[in-house]
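Thanks for coming, everyone. I'll keep this quick. Please look at the screen and we'll walk through it together.

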Amino acid sequence: MRRPILTANWKMNMNSAELTAFTGRFIPLVANADEVDIVIASPFTLLDRLAQQIAGTTIQSAGQNVNPEESGAFTGEIAPGMLADMGCAYAIVGHSERRTLYGETDEWVARKAAALLDHRIRPIVCVGETLEQRDAGRALEIIETQIRESLARIPRDQAEQIVIAYEPVWAIGTGRTATPEIAQQAHEQIRKRLSAQFGEAGNRIRIQYGGSVKPETVYDLMSQPDIDGALVGGASLDPEAFARIVHFQSQRTQ
Ligand code: PEP
């Protein structure tokens, strides 16, 4: 049985006052959500404060990015050990915004994922096709290549530590969620690829869906056999909405 994981991706949003307002509302709302993992990926600037505010809860923090190097002359970058120092349990790598806006390649994502594991931080590895690629009938092929290449440096005995986020680029921040059926088809393909790469461990790796997830859509997505969680952007900035997503079991609409 794979434990559900709900991750907030705050992107370049929130300051310290907004963080405090968020946690003040959110923490009591999820106090009894003990059957899921709850992760908040805040901007680097808030990680220390976030760690203090979630201390004593089951909520865990995550970086939104990392540089694979240990230290050195990399102005503006953050090393895996620095995230560990901030108490991060997870870090997002290969988000489509980083792939498209900053030219990140599968090889670079693979280095980041491996470097995180060296510091006992679980990588959340994002993959997903563009609308153009989907319309050309290439969605599954693209996802498969991204999985194979982005996970190329993950040792088999650590495979279970990773989390995959399937995020079709056309669904991110657009209000256009993939139907549960489209998402399940991609997740099933990812699961097959993970099993081919990591054997039995592939069945235990969690795969989150991401792309305009809302309280109203989360239940049907989470009901699919290979969808084990959600990576949530916009809706995660609202403590009530993200708490409803965490309580996805009670969001059934019909
Ligand atoms: C994301 O940032 O990973 C994301 C899925 O954003 P949104 O939920 O806003 O589409």
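Let me start with a question: is Arg25 buried, partly exposed or exposed? Arg25 has a relative accessible area of 43%, so the residue counts as partly exposed. One caution before I go on. This is a predicted model.

Now, what does Arg25 pair with? Its side chain meets that of Glu240 in a salt bridge, with N to O at 2.2 Å. Find both ends on your screen. Arg25 sits in helix H1, residues 16–29. Glu240 sits in helix H10, residues 239–246.

In general, side chains of opposite charge can pair when their charged atoms come close. How many salt bridges does a search of the whole structure find? The count is 19.

Here are two more pairs. Take Arg148 and Glu149. Their side chains form a salt bridge, at 3.6 Å from N to O. Arg148 has 34% relative accessibility, which makes it partly exposed. Glu149, at 36%, is also partly exposed.

Next, Glu200 and Arg204. They form a salt bridge as well, and their closest N and O atoms are 3.6 Å apart. Which side of the line does Glu200 fall on, buried or exposed? Glu200 counts as exposed, because its 51% is over the 50% cut-off. Arg204, at 41%, is partly exposed.

Salt bridges link Arg2, Arg191, Asp226 and Asp228.

Let's turn to the ligand. How many residues surround it? There are 14, and the closest are Lys11, Glu167, Gly173, Ser212 and Gly234. What is that shell made of, by class? It has 8 polar, 4 nonpolar and 2 charged residues.

A polar backbone atom of Gly173 is 2.6 Å from a ligand oxygen. Lys11 brings a polar side-chain atom to 2.8 Å from an oxygen of the ligand. Asn9 also places a polar side-chain atom by a ligand oxygen, at 3.1 Å. How much of the ligand does the protein bury? Taken alone, the ligand exposes 290 Å², and the protein buries 96% of that.

Note on methods. Residues numbered from 1 in each chain as written. Predicted model: local features only at pLDDT ≥ 70, side-chain atom pairs only at ≥ 80, totals over all residues. Heavy atoms only, no water. Near = heavy atom within 4 Å. Polar contact = N/O pair within 3.5 Å; in protein donor to acceptor, adjacent residues only side chain to side chain. Areas by Shrake-Rupley, 256 points an atom, 1.4 Å probe, with all protein chains shown as cover. Nonpolar A, V, L, I, M, F, W, Y, C, P; charged D, E, K, R; others polar. Salt bridge = Lys/Arg side-chain N within 4 Å of Asp/Glu carboxyl O. Helix = DSSP H or I, 4+ residues; strand = E, 2+ residues; numbered from the N terminus. Buried < 20%, exposed > 50% of the residue type's maximum accessible area, 1.4 Å probe, protein only.
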